[in-house]
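Open the model in your viewer and keep the sequence panel beside it. The stops below say what to select and what is there.

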Amino acid sequence: MSAPRSAHVQAALDPVADWDVIVIGGGITGAGITLEAARRGLKVLLLEQRDFAWGTSSRSSKLVHGGLRYIQQGRFFLTRDSVRERQALMSGACGLVEPQSFAFADYRGRRPGRWLFSLGLAIYDAMAGQRARHYFRADEFLGLAPHILRAGLKGGLCYSDAKTDDARLVLRVLQQAQAYGATALNYVAVESIMYTAERAHGVVARDAQTGTLLTLQAKTVINATGAWADRLRAQQGAAARLRPLRGSHVILPSWRLPVAQAVSLMHPIDGRPVFIYPWEGATLVGTTDVDHTDDLQQEAAITAAELAYLMVALTFQFPALALTRADIIASYAGVRPVVGSGKADPSKETRDHAICLERGLLTVAGGKLTTFRLIALDALRQLAPLLPAWRPDWRNTALFDVSAECFAPPGLPASQTARLAGHYGALAAQVLAAAQTGELELIAGTLTLWVELRWAARCEAVCHLEDLLLRRTRIGLLLRGGGVAQLPRIRAICQPELGWDDARWEQEVAAYLLLWQTCHALPATE
C-alpha cells in the first residue's frame with residue numbers, strides 16, 4: 001500500500017477549491033504554462049496522470065537548440081524564436097542548460113556541402129547576435145573529432161547549441177511555479193472534463209495513490225497533455241489533430257564512444273540528422289523519427305529496427321571504434337506530439353505548436369522543448385478572454401529567480417556548484433545541507449551526487465522507485481542494468497526518507513527492474 005497523501009495534497013484536491021486554471025499534463029508545456037500563469041497572479045493547479053515529465057519531457061533528445069535545419073525549410077521565424085529562447089535559457093539556467101559545440105564532417109560528394117551549411121550557420125549566428133569561425137580543414141577537424149571516418153573527409157564545420165537534462169528542467173520550472181503559489185500534483189489522472197453551458201469548468205480525476213475519484217472546479221481548463229491531447233478532445237467529438245512520432249535513443253559509456261564535441265551527421269540511409277554527444281557523463285545517440293501506433297498509456301521502447309538504424313549511423317561515422325550493441329548501456333524512447341498534416345515522411349511534419357479553444361477547453365499541442373515559454377505565453381493570451389477580471393502583465397521577465405547566483409559552498413568543485421545551482425535553484429544550499437557522510441561523492445559513471453537521491457526521496461514527490469531513478473536522477477539510464485548494482489546503497493539512503501517498509505521496497509524494486517528490462521534494455525534482434 002502507498003503512504004497516505006499529505007495534508008497539503010489533500011487540501012489541493014478539495015472539490016470546492018477556487019482554482020482559476022487547472023492545467024492537465026506535467027511535462028514541459030504544462031509546467032511552463034503553470035509557471036507563467038502563477039507568475040501573473042492566477043491560482044493554478046497542475047495535474048499529471050503519472051509522474052512529472054513521465055512522457056515526452058523526460059525522453060527527448062535533450063537538446064535546447066535553435067532548429068538549424070528549419071532555416072533550410074525557410075522557417076526563419078521559428079528558428080529566430082528558438083535561438084532567442086536558447087540564449088535566455090543558457091543565461092537563466094546555467095548549470096542546467098549548458099552550451100554544447102557540434103561538429104559536422106564535410107565529406108566529398110555528401111550533402112549539405114560546405115557553402116550551403118556555412119550560409120545557414122551565418123544566419124544562425126546572426127539571430128543569436130554572435131559570430132564565430134565555422135569551417136576547419138581536415139587535419140584541424142580530426143583534432144576536434146578524432147574517431148570519425150577519414151575516407152573522403154575534406155574538413156568540417158563547428159557550431160554551438162545547448163543541451164539539458166529535460167526531466168530536471170521540468171522540475172526546476174515546477175519548483176519556480178510553486179514559489180509563485182501554484183500547486184502541482186503527480187499521479188492524479190484526469191478522466192473527463194466537466195462542462196456547464198457548453199463551457200469547460202472543471203475536471204473529474206482519479207488519485208492513483210488512493211483510488212479516490214475527484215471532481216475539481218475551475219474557471220478555465222488547459223489540456224497540455226502532449227501526445228495524449230486528442231484523448232480528452234475526443235470526448236467532445238473533436239477530430240484528432242496529432243500524429244504521434246517516436247524518437248528512440250541509445251546511451252554508451254563515454255570511454256567507449258569518446259566525443260568532446262557533439263558529432264552531427266546525416267544518416268547514410270535516409271539523410272536524416274543524427275547526433276552523438278556527451279550527456280551526464282555518458283554519450284547519447286539519437287534519434288529516430290517513426291510513426292508510433294502503440295497504446296500511448298504503455299511505455300514507449302526502442303524497436304529492433306530503430307536500434308539497427310542507429311547502429312548503422314555509428315558504424316558509418318566511427319568505423320575505427322567497431323561499436324556493437326554490447327557497448328550500449330541503455331535505451332529510451334519518447335513520443336513527440338507533432339501536429340499532423342498528412343505528409344508521408346514523418347520528419348517533414350512541422351514542429352510548430354498549435355492551440356485550439358473548443359467549448360472552453362484550451363488544448364496546446366506540438367512545439368519544441370526550447371520554446372516552451374513562448375508556447376506558454378501564447379496559450380495564456382488565448383485563455384485571457386475567458387478570465388475577464390484578469391489583467392496580466394505581459395512583459396518578458398527572467399524565467400527563474402536569481403537567488404541561486406549567491407550559492408558558493410566551500411570545498412565543492414566549481415562544476416558541481418554550477419550543476420547544483422542549475423538543477424535546484426534557490427534550494428541548492430538545502431540540498432547540500434542534507435548530505436550525510438560520503439554523499440557529496442559522485443555516483444560512479446554519472447555526474448550525480450549521492451545526496452541528490454536523498455533530497456529527491458525527501459522533497460520531490462517520489463511515489464515510485466522509477467520516479468527516483470529515471471527522472472529525479474538519471475542513473476537508471478546511465479548505469480548498466482538500470483543501476484541494479486547500486487540498489488543496496490540507494491536503499492540505505494532512500495527507504496527511510498520515503499517511509500517505505502521492506503515489503504514496499506521489494507515491490508518497488510521488482511516493478512522497476514521489470515520496467516527497465518521492458519523499456520530500457522535492448523530489444524531482441526530481428
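Start with T287, which sits in the loop between β14 (282-286) and β15 (290-291). The model is a predicted one, and in it the peptide bond joining G286 and T287 is cis, with omega about 10°. Most peptide bonds are trans, and most residues other than glycine have a negative phi.

**Two positive phi values**

Select E280, in the loop between β13 (273-279) and β14. Its phi is near 55°, a positive value in a residue other than glycine. E280 has a relative accessible area of 10%, so it is buried.

Now go to Y187, in the loop between β7 (183-185) and β8 (188-196). Here too phi is positive, near 55°, and the residue is not glycine. The relative accessibility of Y187 is 6%, so this residue counts as buried.

**A buried alanine**

Select A227 in the loop between β10 (213-223) and α8 (229-234). Is A227 buried or exposed? Its relative accessible area is 4%, and under 20% counts as buried, so A227 is buried. Leaving aside residues up to four places away in sequence, A227 touches L242, L296, V335 and P337.

**Two crossing helices**

Show helix α4 (residues 76-92) together with helix α10 (residues 372-383). Their axes come within 9 Å and cross at roughly 110°, so α4 and α10 are roughly perpendicular to each other. Which residues meet here? From α4 they are D81, E85, A88 and L89, and from α10 they are F372, R373 and L374. The residues of this contact divide into four nonpolar, three charged and no polar.

**Nonpolar cores**

In soluble globular proteins, nonpolar side chains tend to be buried together. The largest nonpolar core in this model has 50 residues. To find it, select Y159, L453, L465, L468, L469, I490 and C494, the residues with the most contacts inside it. Helix α17 (residues 502-519) gives the most to this core, with six residues. Another core, of 47 residues, lies apart from it; A162, I355, I375 and A379 are among its members.

Return to L468 and display what surrounds it. Residues up to four places away in sequence are not counted; beyond those, L468 touches L453, A456, A457, V462, T473, I490 and C494.

**Salt bridges**

Side chains of opposite charge can pair when their charged atoms come close. How many salt bridges does the count come to? The count is 36.

Begin with E36 and R40, whose side chains meet in a salt bridge of 2.6 Å, N to O. Both E36 and R40 are buried.

Next select R471 and D51, which form a salt bridge of 2.7 Å, N to O. This pair links distant parts of the chain, 420 residues apart: R471 is in helix α14 (residues 465-472), and D51 is in the loop between β2 (44-47) and β3 (63-64). Both R471 and D51 are buried.

The last pair is E497 with R454, a salt bridge in which the closest N and O atoms are 2.9 Å apart. E497 belongs to helix α16 (residues 487-498) and R454 to helix α13 (residues 450-459), 43 residues apart. E497 has 22% relative accessibility and so counts as partly exposed, whereas R454, at 6%, counts as buried. To finish, select D51, E466, D467, R471 and R472, which salt bridges with shared partners join into one network.

Key. Residues are numbered from 1 along each chain as its sequence is written. This is a predicted model: local features need pLDDT of at least 70, side-chain atom pairs count only at pLDDT 80 or more; totals for chains, interfaces and linings use all residues. Side-chain values use heavy atoms; hydrogens and water are left out. A salt bridge is a side-chain nitrogen of Lys or Arg within 4 Å of a carboxyl oxygen of Asp or Glu. Buried means under 20% relative accessible area, exposed over 50%, partly exposed in between (1.4 Å probe, protein chains only). Helices (H or I, at least four residues) and strands (E, at least two) are DSSP runs, numbered from the N terminus. Axes are lines fitted to C-alpha atoms, for helices over the stretch in contact, and angles run from 0 to 180 degrees between N-to-C directions. Angles under 35 degrees count as roughly parallel, over 145 as roughly antiparallel, 65 to 115 as roughly perpendicular and the rest as oblique. Contact means heavy atoms within 4.5 Å. Ala, Val, Leu, Ile, Met, Phe, Trp, Tyr, Cys and Pro count as nonpolar, Asp, Glu, Lys and Arg as charged, and the others, Gly among them, as polar. A nonpolar core is a set of buried Ala, Val, Leu, Ile, Met, Phe, Trp, Tyr and Cys residues joined through side-chain atoms within 4.5 Å.
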